[in-house]
Amino acid sequence: MGLWPFYRKFPKCPCARPWRFEYEEAMTALRIGELLTSKGCLTKEQLDVALSQQAITGELLGDTLIKLGFVSSKEMARILSEQSGIEFLDIEQFAVSEDALRMVSHDMAESMGFLPLSIDDGTLSIGVTDPTNIRAMDMAARISGKPPRVFIIDAEGFREALESAYYFLENPIGQRISETVGRLRSSDQVPVSAISELAELLIINGIRRKSTDMHISPSSDAVHVFYRIDGVLQHSYCLPKGIHSGIVSRLKILSELDIAEQRLPQDGSFTYRLLDRPYEMRLSVVPTIYGENVVIRILGGSTSLLSVADLGFDAEDTAKLRRMFSKPHGMILVVGPTGSGKTTTLYAALREVNLIAKNVLTVEDPVEYKLSMVRQTKISEKAGYDFALAGRSFMRQDPDVILLGEIRDGETARIAIRASITGHLVLSTLHTNDAVTTVPRLIDLDADRFLLSSSLLAVIAQRLVRTICPSCREELDPGEEDDRTFELLDMEQRPQKVYRGRGCRHCSGRGYLGRTAIGEIMIVSDSVRELIYSGASVGRIHETVVAEGMTTLKENAVRKALDGVTTFEEVLRVAG
């Protein structure tokens, strides 16, 4: 962990450091715009646009650059980290210690501009967004009696982590759920207010745990609550059977569904606000033999805008992606199941586009990332505004790049193909298992073979695998269970070492922390175009693209396991 270098030099003199003023002057003189430009993260043209907007809004230049989508909050923080010599910390991948939070009040942390991270051997670790924030460092030293360990945190992550850490410290959701369930079990008459409170607490807990889906599944004797976290369903609570109908009714009311209808499936949605942040909840209710099964999709929990280099692809595939996304026209598709990071990849692609020189329009369901220099729209099924209508309307908006959130039907597919062969770059997603099967899927949607072969530039098939927690990763000799996994993965050579996470506080004992992408990139070469047009089999196309250098999804995943990024068990789960 990075100890701030000046504190190492002057540990006993927190209030009389003449060098602090020289350091602050140096950082002030080197303006953030000039710093980003010198590092190649920003062009002169982008800086001029940001400065002109800043003159109107009066916001900080850094905030303006992030809103415009020219740089991400994390990229800004990494540049400041490199310049100041203070280590960068990805707060999304860090579990803030409650002991550290209790040492500093919320008001003090907010006013001083630092986040207490952990306390180890009496040394307080803090996160700051400004490397010249000497006041925060001095205050942390006074509180703990020792020079603090200091980390740079990105501004967006800092604000979210500060509010959520103190909120959940003061509102222990797990404890409140247990107490509410206990009251309901001991009560003869179930109060409506307690049912409403429990339903809300279950939603908040899902947001707190960064889950993508919440399942409320009835059985013959009880109701089980699961959360899908990092792509894996995890059992969390067992509730009394008697409160099941009340919770379902409450969720139906929030989604404006018919509470009396229990024989047919129903779909709805509602918006839930937590800590001034909206989360869109997609509700699906299906009748089962033990009662209605409810699944809630939680949208809006991730706002980290990544670059192509940060997606998780290796250097060779990253170079391929950059070449494809720089094309003036054609169609590029990102395919995979729900929750595989397709939208994140599409927005990483948009960052490769010159947003000043090109007109970019998107239609999504919902809009997950907001960029000022991109014209973004959201579909409305009630109003009849769908992907197909948006695609037709966009052609009259003088577009250079069109992003269609998803190709769901034949009409949308045909519109996307026509747009891509008339001088536009079209980006979209599709639900298929791998890159090659995208071709028969589009043919099944009545896409013309000739037009498809002429328009398709590349297909990126991807999944997300859990990454081993860096705090507890260990190297082990393979055992018999590993040998069975190697066999199922059809691996010819037995690895000498395997990597796993022991489980620690940072990863809540799971051994995994965060996810990264694995994928395959099918470049549509002239030979592949000919195969598509002639109606060649999927096997023939697959053989051709592999011969031309495509690394398959499974091969990419195995490489990450060999490098210690993920485990072979995770590879088998996702790509086996």
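## Loops, helix faces and a helix pair

Asp 490 is found in the loop that joins helix 20 (480-488) to strand 17 (498-501). The model described here is predicted. The phi of Asp 490 is near 60°, a positive value in a residue other than glycine. With a relative accessibility of 60%, Asp 490 counts as exposed.

A positive phi is also found at Asp 230, where the value is about 55° although the residue is not a glycine. Asp 230 belongs to the loop between strand 5 (222-229) and strand 6 (232-240). Its relative accessible area is 17%, so Asp 230 is buried, the cut-off for that class being under 20%. Most residues other than glycine have a negative phi, and most peptide bonds are trans. A cis peptide bond occurs from Asp 365 to Pro 366, with omega near -5°. Pro 366 sits in the loop between strand 11 (360-364) and strand 12 (375-378).

| Site | Angle |
|---|---|
| Asp 490 | phi near 60° |
| Asp 230 | phi about 55° |
| Asp 365 to Pro 366 | omega near -5° |

Helix 10 (residues 155-170) contains 16 residues and spans 23 Å from its first C-alpha to its last, close to the 22 Å expected at 1.5 Å a residue. Its buried residues are Gly 157, Phe 158, Ala 161, Leu 162, Ala 165, Tyr 166 and Phe 168. Viewed down the axis of helix 10, these buried residues fall within an arc of 165°, and they therefore line one face of the helix. An α-helix has 3.6 residues a turn, so residues three or four places apart point the same way.

Helix 24 (residues 568-575) has Phe 568, Glu 570, Val 571, Val 574 and Ala 575 buried. Seen down the axis of helix 24, the buried residues lie within an arc of 155°, so they line one face of the helix. The buried residues of helix 24 pack against strand 15 (456-468), helix 20, strand 17, strand 18 (512-523) and helix 23 (553-562).

The axes of helix 21 (residues 526-534) and helix 22 (residues 538-547) come within 10 Å and cross at roughly 180°. Helix 21 is therefore roughly antiparallel to helix 22. Helix 21 contributes Ser 527, Val 528, Leu 531 and Ile 532 to the contact, while helix 22 contributes Arg 540, Ile 541, Thr 544 and Val 545. The residues of this contact comprise 5 nonpolar, 2 polar and 1 charged.

Conventions: Residues are numbered from 1 along each chain as its sequence is written. This is a predicted model: local features need pLDDT of at least 70, side-chain atom pairs count only at pLDDT 80 or more; totals for chains, interfaces and linings use all residues. Side-chain values use heavy atoms; hydrogens and water are left out. Axes are lines fitted to C-alpha atoms, for helices over the stretch in contact, and angles run from 0 to 180 degrees between N-to-C directions. Helices (H or I, at least four residues) and strands (E, at least two) are DSSP runs, numbered from the N terminus. Angles under 35 degrees count as roughly parallel, over 145 as roughly antiparallel, 65 to 115 as roughly perpendicular and the rest as oblique. Contact means heavy atoms within 4.5 Å. Ala, Val, Leu, Ile, Met, Phe, Trp, Tyr, Cys and Pro count as nonpolar, Asp, Glu, Lys and Arg as charged, and the others, Gly among them, as polar. The expected span of a helix is 1.5 Å times one less than its number of residues. Buried means under 20% relative accessible area, exposed over 50%, partly exposed in between (1.4 Å probe, protein chains only). The arc is that of the directions from the helix axis to the C-beta atoms.
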